[in-house]
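Let's take a friendly walk through a structure, with an eye on its aromatic rings. Have the sequence at hand as you read.

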Amino acid sequence: MNADFITPLDAFTIIDLILMLMLLIVGLAIVRLNDIFAIVMLAGVYSLVSALWFVSLDAVDVAFTEAAVGAGISTVLMLGAMLLSSRTALPAKPVRKWASFFIVLATGAALMYAVTDMPSFGDPLSAPNAYVGLEYLKRSLPDTEIPNVVSSVLASYRGYDTLGETSVILTAGLGVMLILGMGGKINGQLKKKAIDYDNADAQAHHTVLRVVSKMMIPLIVLYGFYVQFHGDFGPGGGFQAGVIIASAVILYALIFGVDAAKAAVPPLVVRIGAALGVLIYGGTGIAGLILGSNYLDYNVLDPHSAPHGQELGIMSIEIGVLITVCSVMLVIFYGFTSRQPDITDKDW
Amino acid sequence: MSTVLEILHIARFGLAGVFLLGGGFFVLAGAIGVLRLPDFYTRLHAAGVTDTMGSTLILLGLMLIAGFTLLSVKLALVGLFLFLTSPTATHAVANAAHKAKLKPLLGTYRQTRKGDNEGGSQ
């Protein structure tokens, strides 16, 4: 750590400070409110502002994920969870208020103490700007021949970490399945029930929403695949693409009903997909072992060229991530929505 | 010949500036409207201005700056997406409020404030 380095107060730093101030204001508003609907919306705003902040810090991949996951899908999932409970939070008992106040105070004090040990922003001698990070930046292009260094670090140099993240997502999906059920009705029962998406009466309502979403859903899925396969060259990858494709299915469910969505993307497929993605990821690692190298070493995947092997490995694990993320998002969504009656046209 | 090109070059950036300022004006007007207008539907109207007119003008200005590049194509796609989705979102919100029987404020602001919440029948 370099104690002499002081972060310059240029235009970008000022923009960062303004964005952080906005985050603080939104956070305070969330703490002060009792209306859960407003809190969920403000949480989305919080994510969008932090995504802006990440863009200003040049961390476009993180910003992309934050915008897709934080502002997009988690808002929808929180709304789904909110429908299962009451819309306003009860005021807390005074004793609990003081207890939580002291816990928050102690945590805040500990964090403030830790901040003094952090390097200044932009410090050339700080940990991310020295040691292994520089090594990755230097070696990424010759090793993998992939322009987007984020993808190569995430999938290749830090393959174990990403495998862990993917497993965590699967675990989250399993947890929701265990608590809320396996995503509702089985296929056979579903088919017996009349699906009203071709019903003339249902068509009469929300005509605008139906027409526009019919136009948009294929484009959203296409964009998801673009993000997936363009991840080697620009911001994006399996995590973002999975969330985008899942959000297309959720949009379909919101407009045309959950039953129609379950007919298009059956819960069984989604449940298998959640595990299949992790299997593809882990299987890529095993392939490395079989070909006589270390776990998750992609160099050996192509016997003729190590960089091409890296590219193959990164692409295959990104597909695994895509399948798991997309499926788990839908598992959670189906889990929440199958606990309550569908929103009827009357309630809109 | 080269002077014509130079004039076009300057005009491009001048026009881009006009578009960006115009977009900024509409976004600002929308923000003030959301804060100041009296009821839900009028506020929604103000927010809709931000979404459609403001963002479209800003994107046009950015496209003029970017010129004939891939960036412009991407900006155009973003513009198309916003052009289709934001009026739809505004419509969906207004429709939901109407279905939930939220009455718009009719008549002058003061009349409605005085007492009757009937929504005014003129």
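Phe5(A) is partly exposed, since its relative accessible area is 22%; buried means under 20%, exposed over 50%, and partly exposed in between, using a 1.4 Å probe and protein chains only. Phe5(A) belongs to the segment before helix H1 (11-32) of chain A, where helices are DSSP runs of H or I with at least four residues, numbered from the N terminus. Leaving aside residues up to four places away in sequence, Phe5(A) touches Ser120(A), Phe121(A), Gly122(A), Asp123(A) and Pro124(A); a contact means heavy atoms within 4.5 Å.

This is a predicted model, in which local features need pLDDT of at least 70, side-chain atom pairs count only at pLDDT 80 or more, and totals for chains, interfaces and linings use all residues. Residues are numbered from 1 along each chain as its sequence is written, chains are lettered from A and ligands numbered from 1 in the order in which they are written, and side-chain values use heavy atoms, with hydrogens and water left out.

Now for the rings. The whole structure holds 12 aromatic pairs over all chains. Rings of Phe, Tyr and Trp (its six-membered ring) pair if their centres lie within 6.5 Å; planes under 30 degrees apart count as stacked, over 60 as edge-to-face and the rest as tilted. Tyr160(A) and Tyr295(A) form a tilted pair because their planes meet at 45°, with ring centres 6.0 Å apart. Tyr160(A) counts as exposed, at 52% relative accessibility, whereas Tyr295(A) is partly exposed at 23%.

Technical notes. Helix = DSSP H or I, 4+ residues; strand = E, 2+ residues; numbered from the N terminus.
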